[in-house]
Structure formats: C-alpha cells, structure tokens
Amino acid sequence: MNGVAKDLVSSTNNGDNSWTVVYDVLVQNVGDVTLSDVQVTDDLSATYASAISYTVQDTSSITFTVNPSYNGSTDTNLLDGSDSLAVGAEGTIVITLTVSP
C-alpha cells in the first residue's frame, strides 16, 4: 500500500503576475510487501482550474525515476513506473511550477 502526501514548500511572487510554486510529494510504502512499478499521479489542471496558466518547470527525485513528459494536464504520471519501493521505505518527488493566477 502506498501512502502519499503533498506539501507546499514555497510560493514566491515573481513580480510579473506569476508565482513560482514548489511542492514535495512524499511517497511511503506502508504495506507489508515490496511495491513494484510505483506510480504517482498529480492532476494540476484540477488544482489550478481557475488559473490563467501554469507550466511545470521541473520534477526531480533522488529516490524515483521521474517522468520527463509530466506536465500536470495531459500527462499526470509523475514517475516513469520503473521503480520499486521496499516495505517501510519512502521517497520524495519535487515539483516546481510557474502559475499565473
């Protein structure tokens, strides 16, 4: 079983009617078996439905292989789905985006 929590790390006003927003997505294996082909989704089009626009600037992780095509709307898979997660293990995915509210 996966445990997933998303945390707002920072929100910085860029001074041009846009904001740089950074999220951490914590993924934990709280089950009793190793997880394979781990995948996490994040639909930013639902989160920012009323925004003028948003652009994913970067996704990164020390633990997981991120999906380089993730854009939060047409591709909501944060990971490429090739990783395993041992029992009790955890990892973080960092999402950086620019939002024009």
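These are my notebook entries on one protein chain, taken from a predicted model.

**Entry 1: Elements.** I began with the secondary structure. I found one helix and four strands in the protein chain. I then read their order from the N terminus, and it runs β-β-α-β-β.

**Entry 2: Dimensions and surface.** I looked up the extent of the C-alpha atoms next. Along the principal axes they fill a box of roughly 45 × 25 × 20 Å. The chain exposes about 5500 Å². Carbon and sulfur atoms supply 49% of that area. I also checked burial: of the 101 residues, 35% are buried.

**Entry 3: Aromatic rings.** How many aromatic pairs does the count come to? I get one aromatic pair. The partners are Tyr48 and Tyr54. I noted 6.0 Å centre to centre and 40 degrees between the planes. I list the pair as tilted because planes under 30 degrees apart count as stacked and those over 60 as edge-to-face. Are Tyr48 and Tyr54 buried or exposed? Both are buried.

**Entry 4: A charge over a ring.** I turned to Lys6. Which ring does its charged end sit over? I found the ring of Tyr23 there, with the charged end of Lys6 4.2 Å from the ring centre.

**Entry 5: Recap.** My ring notes hold two items. Tyr48 and Tyr54 form the tilted pair, and Lys6 places its charged end over Tyr23.

Note on methods. Residues are numbered from 1 along each chain as its sequence is written. This is a predicted model: local features need pLDDT of at least 70, side-chain atom pairs count only at pLDDT 80 or more; totals for chains, interfaces and linings use all residues. Side-chain values use heavy atoms; hydrogens and water are left out. Helices (H or I, at least four residues) and strands (E, at least two) are DSSP runs, numbered from the N terminus. Buried means under 20% relative accessible area, exposed over 50%, partly exposed in between (1.4 Å probe, protein chains only). Accessible areas come from the Shrake-Rupley method with a 1.4 Å probe; for residues, only the protein chains shown count as cover. Rings of Phe, Tyr and Trp (its six-membered ring) pair if their centres lie within 6.5 Å; planes under 30 degrees apart count as stacked, over 60 as edge-to-face and the rest as tilted. A charge sits over a ring if NZ of Lys or CZ of Arg is within 6 Å of the ring centre and within 35 degrees of the ring normal.
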